[in-house]
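Look at the sequence and the structure before going on.

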Amino acid sequence: MSSAFRNLLEDPLAGVRSAALRMLAERDAAYSLPAAFYNDERLFQLDLQEIFEKEWLFAGMTCEIPTKGSYFTLDVGDNPVVVVRGQDGAIHAFHNVCRHRGSRLCTRGSGKVAKLVCPYHQWTYELDGRLLFAGNDMGPDFDLHAFGLKPVHVRTAGGYIFVCLGERAPAVDEFLQALDRYLAPHHMDQVKVAAESSIIEEANWKLVIENNRECYHCSGSHPELLNSLMEFDDTDDPKATPAYRDMVARRQRQWDACDLPYELARFGKRNRMTRTPLLDGTVSMTMDGKPACGRRLGIAPGVDAGVLRILHLPNSWNHFMADHAVVFRVLPLGPQRTQVTTKWLVHKDAVEGVDYEVETLRKVWDATNDQDRRLAEENQRGVNSRAYEPGPYSPTFEFGVVEFVAWYAERMQANLDEHGGTLRVANAE
């Protein structure tokens with residue numbers, strides 16, 4: 001068998017990798033991506049392999065697995081993952097795959113167990129992944145220690161859980177330390193999920209993220225959101241007005257007095273966080289701008305905490321206010337199909353019907369999510385047309401999109417370059 005054919009069997013996307021590298025190297029950074037990056041099945045598989053299987057992903061919140069044996073599951077492409085709290089309180093993540101015949105271990109989205117037991121043949125694992133029981137028919141020389149669950153990298157900070165499926169996880173310490181510091185005032189060990197929704201957008205995951213990274217479309221599409229949210233990302237936003245900068249300076253003096261972190265913090269193009277004001281007279285992302293929950297997230301009464309915005313590429317954006325928080329997770333399902341999950345967090349002792357009403361809590365972002373879904377889906381339909389060609393981004397209104405696409409291109413090129421030896425051998429023959 002020739003080495004070229006062997007490489008093709010080992011990496012059937014080798015030719016696609018070469019083509020993707022060429023397209024990324026030749027693209028105009030001020031323009032959107034070629035259509036294939038938004039609708040081609042082969043390039044979607046590259047996204048899964050080179051982005052979602054190698055980068056740190058937001059998986060869920062620590063409050064979702066509060067006690068030992070609590071778990072939740074998620075699917076990263078064809079890779080089912082389970083995140084579970086162990087006997088000692090530590091959080092573990094594993095490939096949700098039995099080491100016997102490959103069946104999924106945990107088939108529900110969440111739950112609580114004493115041990116991880118495969119429903120197929122009852123192979124039983126400790127919460128730290130060790131195989132405890134494999135029946136009585138595996139033979140006297142069967143080594144339980146050799147068949148523990150395959151681990152997934154997992155890190156926590158500020159109440160967040162991140163996973164990475166790659167063999168080597170990218171450096172993330174600086175971002176996690178900042179996340180702890182910025183979220184400390186919100187007492188993330190005292191929160192719970194009050195409501196959750198998952199919607200399917202018939203659009204490529206990058207179009208979903210691109211839509212989130214600009215407010216160019218907000219005035220024409222998001223009346224509910226603009227009842228409270230200002231369209232500026234921060235004072236570095238090229239569109240920021242002098243009046244906005246003055247308002248930010250006033251609020252920052254108040255936040256300094258309360259030890260509320262607010263500075264714009266960037267970690268390359270991947271992560272950013274900043275605290276910014278909401279519209280004058282509003283303190284929360286609700287229809288009337290008033291608090292949605294009577295129990296605050298650790299913020300002292302009378303303090304207008306604005307909104308702490310957190311971005312984590314490739315799959316999360318977040319808003320933290322004094323009374324509640326809204327966190328978002330994006331998972332790709334297909335070249336033109338994406339799941340967007342939204343969770344609303346409140347104080348763990350807040351009582352539904354007394355301290356908050358779920359409808360009030362959800363109304364703004366339920367409406368905004370549906371509006372964004374329709375925008376992304378129409379964007380996808382247009383990109384699929386033979387008339388589509390990459391179009392120019394606005395350097396002011398769409399600077400966040402430019403940064404996201406630049407990050408995507410950089411990470412794809414860096415991760416694809418890891419296959420350079422394979423590509424060179426295949427191309428040489």
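## The model

This is a predicted model, in which local features need pLDDT of at least 70, side-chain atom pairs count only at pLDDT 80 or more, and totals for chains, interfaces and linings use all residues. Residues are numbered from 1 along each chain as its sequence is written, and side-chain values use heavy atoms, with hydrogens and water left out.

## Nonpolar cores

A nonpolar core is a set of buried Ala, Val, Leu, Ile, Met, Phe, Trp, Tyr and Cys residues joined through side-chain atoms within 4.5 Å. Buried means under 20% relative accessible area, with a 1.4 Å probe and protein chains only. The largest such core has 67 residues, and Val83 and Tyr408 have the most contacts inside it. Helix α10 (residues 399–417) supplies the largest share, 8 residues; helices are DSSP runs of H or I, at least four residues, and strands are runs of E, at least two, numbered from the N terminus.

A second, separate core has 27 residues, including Leu179 and Phe320.

## Leu313

Leu313 sits in the loop between β14 (307–312) and β15 (316–320). Leu313 counts as buried because its relative accessibility is 1%. Beyond four places in sequence, its contacts (heavy atoms within 4.5 Å) include Trp56, Phe404 and Trp407.

## Asn318

Asn318 lies in strand β15 and is buried, at 2% relative accessible area. Leaving out residues up to four places away in sequence, Asn318 touches Tyr160, Val326 and Phe328, among others.

Note on methods. Buried means under 20% relative accessible area, exposed over 50%, partly exposed in between (1.4 Å probe, protein chains only).
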